[in-house]
Structure formats: C-alpha cells, structure tokens
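Visitor: Hello! Could you walk me through this model, one question at a time?

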Amino acid sequence: MEQKKINEVLDHINTKFDENVPRLVKMMVRKKISVLQFFEVDSIPDSLRTCTVEELIFIVKHGLDTGKLKI
C-alpha cells in the first residue's frame with residue numbers, strides 16, 4: 001500500500017478517535033489495541049483476511065451487541 005494511502009487511513013482513525021472519546025476510554029483502548037502489535041499475520045484466519053472493512057465493522061458491532069465479542 002502506498003504511504004499516502006496509509007497516512008490517509010491513519011489520519012481518519014486518529015480523527016474519529018479524537019472526536020468524542022473520553023480520555024479514560026482512550027487510555028483503555030490504547031492498552032487493548034496494543035495487542036494488535038503482536039498479532040502474527042499467519043495466525044489470522046482466511047475469513048478475517050478476506051472480509052471487507054464494512055463486513056468487519058458489522059461483525060464487530062454485532063459481536064459487541066450480542067456479547068460474543070469480549071473486549
């Protein structure tokens with residue numbers, strides 16, 4: 001992926017994260033998201049590799065709503 005596109009994605013995430021998230025929540029999210037740094041690409045299932053961003057967002061929302069996703 002081009003650096004310009006990477007920066008665009010990161011800028012979007014930073015903007016959304018800074019908008020309406022209380023400081024305490026940001027601190028908790030940073031601790032949880034740091035786990036992503038240790039994910040090994042080979043351990044990610046094909047279903048996750050091939051899903052779209054829209055599908056991933058829907059899956060995460062549904063998982064949180066139903067209690068299946070424990071974050």
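This is a predicted model: local features need pLDDT of at least 70, side-chain atom pairs count only at pLDDT 80 or more; totals for chains, interfaces and linings use all residues.

Visitor: Which pattern does the protein chain follow along the sequence?
Guide: The protein chain has 4 helices and 0 strands. Read from start to end, the pattern is therefore written with helix symbols, by the DSSP runs used here. That gives α-α-α-α.

Visitor: What is the radius of gyration of the protein chain, and what does the globule rule give for 71 residues?
Guide: The C-alpha trace spans about 35 × 35 × 25 Å along its principal axes. The protein chain is more spread out than a compact globule, because its radius of gyration is well over the value from the rule. The two values are 14 Å for the chain and 11 Å for the rule.

Visitor: How many of the 71 residues count as buried, in percent?
Guide: Buried means under 20% relative accessible area. The protein chain exposes about 7000 Å², with 61% of that supplied by carbon and sulfur atoms. The buried share of its residues is 6%.

Terms used: Residues are numbered from 1 along each chain as its sequence is written. Side-chain values use heavy atoms; hydrogens and water are left out. Helices (H or I, at least four residues) and strands (E, at least two) are DSSP runs, numbered from the N terminus. The radius of gyration is taken over C-alpha atoms; the globule rule is 2.2 Å times the number of residues to the power 0.38. Buried means under 20% relative accessible area, exposed over 50%, partly exposed in between (1.4 Å probe, protein chains only). Accessible areas come from the Shrake-Rupley method with a 1.4 Å probe; for residues, only the protein chains shown count as cover.
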